[in-house]
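Please find below a colleague's note on the structure shown here.

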Amino acid sequence: MMLFDAIVFIAFLALYTASFLAGGVRTVVALVTWFVVMVAAALFTGPLAAGFRSLVPPMSRWASELIAFVVVVVLIGVLGVWGTVWSLRAAPSVIGRWRRGPVGPVHLLLQAFLAMVFAVVMVTTLVMVATNTIRQLPGDAIGNRLRTEVRQSRLVPLVADLEPWLKRAVIEWVPGDPPVLLRGT
């Protein structure tokens, strides 16, 4: 198994487990937050990356886009988490009712399905950003090694089959030109 395959598999397993243990409500909130973060990333990563390149002219496009993407994801993600925590504290009776609900086989299957959707969406996003960033790397030893890892991976083509759906759902309808790390080459 290639190193990239191991990373993808471990990420999927960790995300699925964390989502399943978090419960259905938190998983749905995390999926909504992911959607908002991806739309914000599609809108704001390009202009922020251009701003970084104007501040530091020798900065390459892939580096500026990756830094801008991380800044946008962290800022919007932190706001989403903070808003979620605040809203769940504001409605304790509703959350308490959900927690006291019956836990049967149907509930567990629904929770497993939501965890699977969350893990697939997150892994697809991570692989899309990683592979599109790796494609932009310069042709030095590290860039060539990473491109070889991605080319020889067995899991990346499986995940890449889901990228068009992800792009249609989140990126294509957003006005403007999304960054290369989200739309590919």
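**Notes on the model**

1. Leucine 166 is located in helix H8 (residues 163-171); helices here are DSSP runs of H or I with at least four residues, numbered from the N terminus. Leucine 166 has a relative accessible area of 0% and is therefore buried (buried means under 20% relative accessible area, exposed over 50%, partly exposed in between, with a 1.4 Å probe and protein chains only).

2. The model is predicted: local features need pLDDT of at least 70, side-chain atom pairs count only at pLDDT 80 or more, and totals for chains, interfaces and linings use all residues. Residues are numbered from 1 along each chain as its sequence is written, and side-chain values use heavy atoms, with hydrogens and water left out.

3. Two packed helices are described by the angle between their axes and the distance between the axes. Axes are lines fitted to C-alpha atoms, for helices over the stretch in contact, and angles run from 0 to 180 degrees between N-to-C directions. Helix H5 (residues 105-136) packs against helix H6 (residues 141-152) at about 135°, the axes being 9 Å apart. H5 is therefore oblique to H6 (under 35 degrees counts as roughly parallel, over 145 as roughly antiparallel, 65 to 115 as roughly perpendicular and the rest as oblique).

4. The axes of H2 and H5 come within 9 Å and cross at roughly 25°, so the two helices are roughly parallel to each other.

5. How many salt bridges does the structure hold? There are two, a salt bridge being a side-chain nitrogen of Lys or Arg within 4 Å of a carboxyl oxygen of Asp or Glu. In one, arginine 61 pairs with glutamate 65, with the closest N and O atoms 3.1 Å apart. These residues are separated by about one helical turn because they are four residues apart in helix H3 (residues 61-90). Arginine 61 is partly exposed at 39% relative accessibility, whereas glutamate 65 is buried at 2%.

6. The other salt bridge joins glutamate 149 to arginine 145, with the closest N and O atoms 2.8 Å apart. Both residues lie in helix H6, four residues apart, or about one turn of the helix. Glutamate 149 is buried, with a relative accessible area of 6%.

7. Phenylalanine 35 belongs to helix H2 (residues 24-55) and, at 33% relative accessibility, counts as partly exposed.
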